[in-house]
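Dear colleague,

I am handing over the structure below, and would ask you to look through it with the notes that follow.

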Amino acid sequence: MVSLKQFVNMAKEARKKSGKRNFNQSFEMIVTLRDIDVKKQDFNISEIVYLAHKFTKKPGICVFAGGDMALKAKHSKADRVIEPEELEKNATNKRQLRKIAKGYSFFLSETTLMPKIGKILGQFLGPKGKMPTPLPPNAPVENMVERFISAVRIRSRGQLAVTGKVGDESMSDEAVSENAVVILNAIEKKLPSGNNNIDRVMLKLTMAKPVIISAMAK
């Protein structure tokens, strides 16, 4: 397993490799895997991970809800609330549905609306791993939205690599590294043989080559 200190050194090196840019770059972690036969094993990771530190730019959050829950969602930090009437109105507008699917990082929905969302938006949200997290009756919407502000989605897409954003340039190396440890732990728990399935861990900024460490060199 890569230690926090190693991640801090990787973050510092990643900054050196990138140099100064005129925008706030993202730190991305790529974990390559080994000893997993994707042809024989139904291997796929698509997880939402709650981080130790929020990103500088808040992820977009959209809530599907009606009635009292919609009112609560509108008083939360959600970026958009889509009520049943608006969902029905756009049911055949593929351009608008694609825009909704692309425009937000996370979706939450009243449980009663889940079948309708699957029918209308499933083809756009499903492939992106963005199907909504269900909101049971009387769920604390404000608290759930707040929790998703410090979340990130990690995905393997059926390949021997898992990727996820761990931070951005405006964050300290320590904060980026603590997020990276949280994500690496989450990945390890999903692997058939845990840490033994991890080959290499890479950390990079948007416009730079990755800093690589071999997990085998323990």
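For the helix pairs, axes are lines fitted to C-alpha atoms, over the stretch in contact, and angles run from 0 to 180 degrees between N-to-C directions. Helices (H or I, at least four residues) and strands (E, at least two) are DSSP runs, numbered from the N terminus. This is a predicted model, in which local features need pLDDT of at least 70 and side-chain atom pairs count only at pLDDT 80 or more, while totals for chains, interfaces and linings use all residues. Residues are numbered from 1 along each chain as its sequence is written, and side-chain values use heavy atoms, with hydrogens and water left out.

The axes of helix 4 (residues 94-103) and helix 5 (residues 114-125) come within 9 Å and cross at roughly 60 degrees. Helix 4 is therefore oblique to helix 5, since angles under 35 degrees count as roughly parallel, over 145 as roughly antiparallel, 65 to 115 as roughly perpendicular and the rest as oblique. Lys94, Leu97, Arg98 and Ala101 of helix 4 make the contact (heavy atoms within 4.5 Å) with Ile120, Leu121, Phe124 and Leu125 of helix 5. By class, this contact has six nonpolar, no polar and two charged residues, where Ala, Val, Leu, Ile, Met, Phe, Trp, Tyr, Cys and Pro count as nonpolar, Asp, Glu, Lys and Arg as charged, and the others, Gly among them, as polar.

In a second pair, the axes of helix 1 (residues 4-18) and helix 7 (residues 173-190) come within 8 Å and cross at roughly 125 degrees, which means that helix 1 is oblique to helix 7. The contact involves residues including Leu4, Phe7 and Val8 of helix 1, and Ala180, Val181 and Leu184 of helix 7. Its residues divide into seven nonpolar, one polar and five charged.

As for the largest pocket, 23 residues line it, and the closest to its centre are Ser105, Val152, Arg153, Gly164 and Lys165; a pocket is an open set of points on a 1 Å grid over the protein atoms alone, where a 1.4 Å probe fits, with protein on both sides within 12 Å along at least five of seven lines, and lining residues have an atom within 4 Å of a point. Strand 7 gives the largest share of the lining, four residues.

Best wishes
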